[in-house]
Amino acid sequence: MRHSWRSYTGEPLGMDIRERFQVLISGMPPPPFASRLRFSLIDTGAEGRKSVKGTYGVIRGATHFLAGSVKKGNMAFEDYGYAFESLILFATSLGLGTCWMGGTLNRTMFGKFMGLENDELLPAISPVGHATQRRSILDTFFYISAGSKNRKPWSTMFFLDDFSTPLADATAGAYAVPLEMVRLAPSAVNKQPWRIVYRDGAFHFYLCRSGGHVSVFKEVDMQRIDMGIAMFHFHSSAAESGMDGTWQIVDPGLCSLPADTSYRVSWIPKS
Ligand SMILES: Cc1cc2nc3c(=O)[nH]c(=O)nc-3n(C[C@H](O)[C@H](O)[C@H](O)COP(=O)(O)O)c2cc1C
């Protein structure tokens, strides 16, 4: 059900919804690699359906934003993507619109709202609110230019044993649903940089880089955030089907990797 939405009705979030976010944020479990995260639901004071300050005119009519910070560190971006996507999907479950934004935001302005400290980064934010029925012109422009409705086929993203054999959904068995949820995940400019190799019962996640600002923008590694989002989709939908696992860095050391592709993390089922 989740899709990025950039046009909102201007109706503020009700008190009950704001409280539900506060409860969720204050009880959030630590992310897979225990980075120090902070999240906040921000009221920017925007009114009506006008474009919201600090979003370069991309977002209209949103009164509230989810924002967050992470302490700089090795797995900071993956952890941020993982945890922030849980907030995004919670908002979706309440019927609210969202849109990950790592590029079209004024970091100084949102950093002030967050009280950003020197050792922290503000990787991305999202409006959260009541979506309009139709997209604004700029929203439609972003939607079309990023090719947002398209997703890559399984055969180019999921593999068996190494990168030479595509993984069939019959072979994936019960893991076909978690993998499909990875396929549907949002990513910066819809690049879908994740690649997964299923080998000896474990799922090894790789990052296939695109160049330029899609990859790293103002110190923020967008595609490692994408990786964290994919990790959350995989883990939470596996958990929903009763399959538990842990995230570990155990590079299987495959000898031939596709161009611009590197190992990031593995999901090991709990036996
Ligand atoms: C890490 C990240 C950063 C993004 N940054 C922006 C952004 O700065 N501005 C924007 O309009 N959309 C941004 N997006 C939204 C993507 O363009 C969108 O998720 C993608 O095209 C897929 O479309 P969908 O979310 O509708 O499924 C971002 C998404 C992610 C995951």
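The shell around the ligand takes at least three residues from domain 1 (15-142) and at least three from domain 2 (154-269). The model is predicted. Domain 1 and domain 2 are the parts into which the protein chain is divided, and helix 7 (residues 222-240) packs with helix 2 (residues 76-93).

**Ligand shell**

- The ligand has 23 residues around it, and G102, G103, S148, P186 and N190 come nearest.
- By class, the shell around the ligand holds 13 nonpolar, 8 polar and 2 charged residues.
- Helix 7 gives the most to this shell, with 4 residues.

**The two domains**

- The centres of domain 1 and domain 2, taken over C-alpha atoms, are separated by 24 Å.
- In the contact between the domains, 16 residues of domain 1 meet 18 residues of domain 2.
- On the side of domain 1 that touches domain 2, helix 2 gives the most, with 8 residues.
- That side of domain 1 divides into 8 nonpolar, 4 polar and 4 charged residues.

**Helix 2 with helix 7**

- Two packed helices are described by the angle between their axes and by the distance between the axes.
- For helix 2 and helix 7, the angle is about 50° and the axes are 6 Å apart.
- Helix 2 is therefore oblique to helix 7.
- The crossing in which helix 2 passes helix 7 is right-handed.
- Helix 2 makes the contact through F77, E78, D79, Y80, G81, Y82, E85 and S86.
- From helix 7, the contact is made by R224, I225, D226, M227, G228, I229, M231 and F232.
- The contact of helix 2 with helix 7 has 8 nonpolar, 3 polar and 5 charged residues.

**Helix 6 with helix 7**

- Helix 6 (residues 176-183) also has an axis that comes within 8 Å of the axis of helix 7, and the two cross at roughly 150°.
- Angles over 145 degrees count as roughly antiparallel, so helix 6 and helix 7 are roughly antiparallel to each other.
- Helix 6 passes helix 7 in a right-handed crossing.
- V177, P178, M181 and V182 are the residues of helix 6 that meet helix 7.
- Their partners in helix 7 are A230, H233, F234, S237 and A238.
- By class, the contact of helix 6 with helix 7 has 7 nonpolar residues, 2 polar residues and no charged ones.

Terms used. Residues numbered from 1 in each chain as written. Predicted model: local features only at pLDDT ≥ 70, side-chain atom pairs only at ≥ 80, totals over all residues. Axes fitted to C-alpha atoms, helices over the stretch in contact; angles between N-to-C directions. Parallel < 35°, antiparallel > 145°, perpendicular 65-115°, else oblique. Left-handed = near helix turned anticlockwise from the far one by under 90°. Contact = placed C-beta atoms within 7 Å. Nonpolar A, V, L, I, M, F, W, Y, C, P; charged D, E, K, R; others polar. Near = placed C-beta within 6 Å. Domains from an automatic or database assignment.
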